[in-house]
Amino acid sequence: MSALNAPKIRPDIYLPVPATLVARQSLTAQETFFEFKLDSGRPLGHKPGQFVEVSLAGIGGAPISVSSAPGVRDTFEMVVRRIGSVTDAMHGLQVGAKAGIRGPFGTSFPVDGPMLGRDLLFVCGGIGLVPVRSAILHVLNNRNNYGKVTVLVGTRTPAERLFTDEIEAWRKVANVNCLETVDSAGRDWKGKVGVVTYLIPAL
């Protein structure tokens, strides 16, 4: 690649900028939903599938996937599983708390390229739904640009399901097929039981 065709480097994404927690909600025993807003007021500018580096003063930093669709609001959303010192500290944050944000980083779903006009199949296992949700929401927000959409969601147990209200709403969107399964369940679960690939033959 010649110097003329090389992508432009944004040095600012490597510097942490302050952000404020504007909303939070416990989703499961281990996962919490967070909504942040950059103090500068500018949008994050992410693409579906990218992540940010979240840093907390005196504790450290961790890469966290962005789960919201781009270009909708000036805030951005994440779902964090409690698995270490940084994520444990994040679970203790309350609305109004500050964090440092670097990014966005990483590759993204080609929602404005090869995915346009095509039928789409999203296969999501457990917390893997979090980064894929960004792409799903973008597709649903621009429904006329894509064909039939199928979303398969697998979770270990019913208690670990994420975005349950949203999944019900996705099922009501025209030409969207959304199927769920759990690896194991008790008597109260009325849905399908099996790993997420168990749903593929039914398509």
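In which sense do strand 8 (residues 149-155) and strand 9 pair, and over how many bridges? They pair in the parallel sense, over seven bridges. Before the close-ups, a quick note: this is a predicted model in which local features need pLDDT of at least 70 and side-chain atom pairs count only at pLDDT 80 or more, while totals for chains, interfaces and linings use all residues. Residues are numbered from 1 along each chain as its sequence is written, and side-chain values use heavy atoms, with hydrogens and water left out.

**View 1. Strand 9 and its partners, strands 8 and 10.** Strands here are DSSP runs of E with at least two residues, helices are runs of H or I with at least four, and both are numbered from the N terminus. Two strands count as paired if DSSP finds at least two bridges between them. Look for valine 149, which stands opposite valine 176 in strand 9. To get from strand 8 to strand 9, the chain passes through helix 3 (residues 164-170), and this β-α-β crossover is right-handed (with the strands pointing away from the viewer, the path from the first strand over the helix to the second runs clockwise). Strand 9 also runs parallel to strand 10 (residues 192-193), joined by two bridges; here valine 182 has valine 193 as its bridge partner. Six of the seven residues of strand 9 (residues 176-182) are buried, meaning under 20% relative accessible area with a 1.4 Å probe, protein chains only.

View 2. Strand 1 (residues 17-26) and strand 6 run antiparallel, joined by four bridges. Zoom in on threonine 20, which sits opposite lysine 98 in strand 6.

**View 3. The largest cavity.** A cavity is a set of points on a 1 Å grid over the protein atoms alone where a 1.4 Å probe fits but cannot get out; lining residues have an atom within 4 Å of a point. A search of the whole structure finds one of 30 Å³ or more, and the largest holds about 40 Å³ of space. It is lined by 11 residues, with Val17, Arg42, Ile101, Arg102 and Gly103 closest to its centre. Strand 6 (residues 98-105) gives the largest share of the lining, three residues.

Methods. Buried < 20%, exposed > 50% of the residue type's maximum accessible area, 1.4 Å probe, protein only. 1 Å grid on protein atoms, 1.4 Å probe; cavity = no way out; pocket = protein on both sides within 12 Å on 5 of 7 lines; lining within 4 Å. Points joined across faces, edges and corners; volume = space filled by probe spheres on them.
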